[in-house]
Amino acid sequence: MGTWDKSNDAQITTQEFFDYYADLSASIDHDDYFELMMRNAWHMSGGTGQSQNTSCRRVLLTFKDGSQRIEEITNDIGISADDKDKMLLNLEARGITGVTKIELYA
């Protein structure tokens, strides 16, 4: 925390957060890699190509009609690895309904 907390008050301000990542980004040669690092560190969905998030959980869904597909649990910070109820709420908030089964893979 000392790296971030420049004022030594045991709280990270928004400005200290931004300053830390501005310093960090200066040491990374490619914007795509910095974007990937940020997305993976903070479980932020999205990105394309080399910048696409790889840290958000992906699950195998089975639907009422028997079809299956793999979906990402977007922006999954705060959803534990085995909390299927929260995963289902996450999916439903995105309009993915009719799920009868969620399969988890490590």
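**A walk through a predicted 106-residue chain**

Hi everyone, let's start with burial: 29% of the 106 residues in the protein chain count as buried, where buried means under 20% relative accessible area, exposed means over 50%, and partly exposed is in between, using a 1.4 Å probe and protein chains only. Please keep in mind that this is a predicted model, so local features need pLDDT of at least 70 and side-chain atom pairs count only at pLDDT 80 or more, while totals for chains, interfaces and linings use all residues. Residues are numbered from 1 along each chain as its sequence is written, and side-chain values use heavy atoms, with hydrogens and water left out.

Now the overall layout. The protein chain holds three helices and three strands, and from the N terminus their order is α-α-β-β-α-β. For these elements, helices (H or I, at least four residues) and strands (E, at least two) are DSSP runs numbered from the N terminus.

What is the radius of gyration of the protein chain? The value is 18 Å, whereas a compact globule of 106 residues would be near 13 Å. That radius is taken over C-alpha atoms, and the globule rule is 2.2 Å times the number of residues to the power 0.38. Along the principal axes, the C-alpha atoms fill a box of roughly 55 × 30 × 25 Å.

On to contacts, meaning heavy atoms within 4.5 Å. If we take contacts between residues at least 6 apart in sequence, 29% of them join residues at least 24 apart.

Charges next. There are 10 positive and 18 negative side chains, and the centres of the two sets lie 11 Å apart. Lys and Arg count as positive, Asp and Glu as negative, and His and the chain ends are not counted; each charge is placed at NZ of Lys, CZ of Arg, CG of Asp or CD of Glu.

Leaving aside neighbours within four places in sequence, Phe34 is in contact with Tyr21, Ser25 and Ile28. Phe34 and Tyr21 sit 13 residues apart in sequence, with 9.7 Å between their C-alpha atoms.

Just after α2, the backbone does something worth a look: His43 takes a positive phi of about 50°. Most residues other than glycine have a negative phi. His43 is in the loop between α2 (31–41) and β1 (58–63), and at 23% relative accessibility it counts as partly exposed.

Which way does phi go at Ala10, positive or negative? Positive again, at about 65°, although Ala10 is not a glycine. Ala10 belongs to the segment before α1 (14–26), and its 56% relative accessibility makes it exposed.

Two last stops. Ile79 is in the loop between β2 (68–72) and α3 (84–93). Not counting residues up to four places away in sequence, Ile79 touches Ile73, Lys86, Met87 and Asn90.

Finally, Glu103 lies in strand β3, residues 99–103. With neighbours within four places in sequence set aside, Glu103 is in contact with Val59, Leu60, Thr62 and Gln68. The side chain of Glu103 also makes a polar contact with the side chain of Tyr105, at 2.9 Å. A polar contact here is a pair of N or O atoms within 3.5 Å; within protein, one must be able to donate a hydrogen and the other to accept it, and residues adjacent in sequence count only if both atoms are side-chain atoms.
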